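Here's a quick briefing to read with the model open in your viewer. It goes strand by strand, then turns to the rings and one loop.

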Amino acid sequence: MLLKNGDWKQINNGGYGPSYLVNTQSASAWVQFIPAIHNAGKYRVYVYFPKLQNASTITNVELFNGIKRINTIINTKDMMVTGQTSGEWLWIGDSSFAPGKEASVKISNVRANGAVVADAVLFVPAK
């Protein structure tokens, strides 16, 4: 499920899937990805960032496992887009999740100095 607050423009090419969202406003805005956790366990969590010319150098990401919030600042200058992709999957953390708990990944424009992107989130079971 996807929740959003603020002014987000949908871009229909260049992202991971058929579209992604971009915020270029200074007013508070966020997009929250809410996964359906079916199996309890530890997961590695990634966020996909398409490469944009006017992207903010920092993006605030909050990982919530239903109990604890982990805040991460992604420095988009560290992105290394290689090959034929239009962006990169960036690891934002590992956490344990339980079915039925409110888990989420929230991307916000807090302290952004350019366009903020919300595209895709991936939960990979950790081994």
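Strand 3 (residues 20–23) is covered on both faces: Y20 and V22 on one side, and L21 and N23 on the other, are all buried. Buried here means under 20% relative accessible area, exposed means over 50%, and partly exposed is in between (1.4 Å probe, protein chains only). Strands are DSSP runs of E with at least two residues, and helices are runs of H or I with at least four, numbered from the N terminus.

Keep in mind that this is a predicted model: local features need pLDDT of at least 70, side-chain atom pairs count only at pLDDT 80 or more, and totals for chains, interfaces and linings use all residues. Residues are numbered from 1 along each chain as its sequence is written, and side-chain values use heavy atoms, with hydrogens and water left out.

- Axes are lines fitted to C-alpha atoms (for helices, over the stretch in contact), and angles run from 0 to 180 degrees between N-to-C directions.
- Two strands count as paired if DSSP finds at least two bridges between them. Strand 2 (residues 9–11) and strand 3 are joined antiparallel by 3 bridges. Looking across to strand 3, Q10 has L21 as its bridge partner, and K9 has V22.
- Strand 3 is also joined to strand 10 (residues 116–118) by 3 bridges, again antiparallel. Here V22 has V117 as its bridge partner in strand 10.

**Strand 9 and its partners**

- Strand 9 (residues 104–108) is mostly covered, with 4 of its 5 residues buried.
- Strand 4 (residues 30–33) pairs with strand 9 in the antiparallel sense over 4 bridges. F33 has V105 as its bridge partner in strand 9.
- Strand 6 (residues 58–64) also runs antiparallel to strand 9, joined to it by 5 bridges. L63 has V105 as its bridge partner in strand 9.

**The 8-5-11 sheet**

- Another open sheet has 3 strands in the order 8-5-11, with antiparallel pairing. Its edge strands are strand 8 (87–97) and strand 11 (120–125), each pairing on one side only. The twist averages 25° from one strand to the next.
- Strand 5 (residues 41–50) is joined to strand 8 by 10 bridges, and the two run antiparallel. F49 stands opposite E88 in strand 8.

**Aromatic rings**

- There are 6 aromatic pairs in the structure. Rings of Phe, Tyr and Trp (its six-membered ring) pair if their centres lie within 6.5 Å; planes under 30 degrees apart count as stacked, over 60 as edge-to-face, and the rest as tilted.
- Why is the pair of Y43 and F123 edge-to-face? The ring centres of Y43 and F123 are 6.5 Å apart and the planes are at 70°, so the pair counts as edge-to-face. Y43 lies in strand 5 and F123 in strand 11, so this pair ties together parts 80 residues apart in sequence.
- F97 and F123 also form an edge-to-face pair, at 5.3 Å centre to centre and 75° between the planes. It links distant parts of the chain, with F97 in strand 8 and F123 in strand 11, 26 residues apart.
- Buried or exposed? F97 is buried, with a relative accessible area of 3%, and F123 is buried at 18%. Y43 is buried too.
- Y16, Y48 and W89 are linked into a cluster by ring pairs.

**Charges over rings**

- A charge sits over a ring if NZ of Lys or CZ of Arg is within 6 Å of the ring centre and within 35 degrees of the ring normal.
- R69 has its charged end over the ring of F64, 4.0 Å from the centre.
- K106 has its charged end over the ring of W30, 4.5 Å from the centre.

**P99 in its loop**

- P99 is in the loop between strand 8 and strand 9. P99 is partly exposed, with a relative accessible area of 42%.
- Leaving out residues up to four places away in sequence, P99 touches I37, H38, N39 and A40; contact means heavy atoms within 4.5 Å.
- P99 and G66 are 33 residues apart in sequence and 9.7 Å apart in space, C-alpha to C-alpha.
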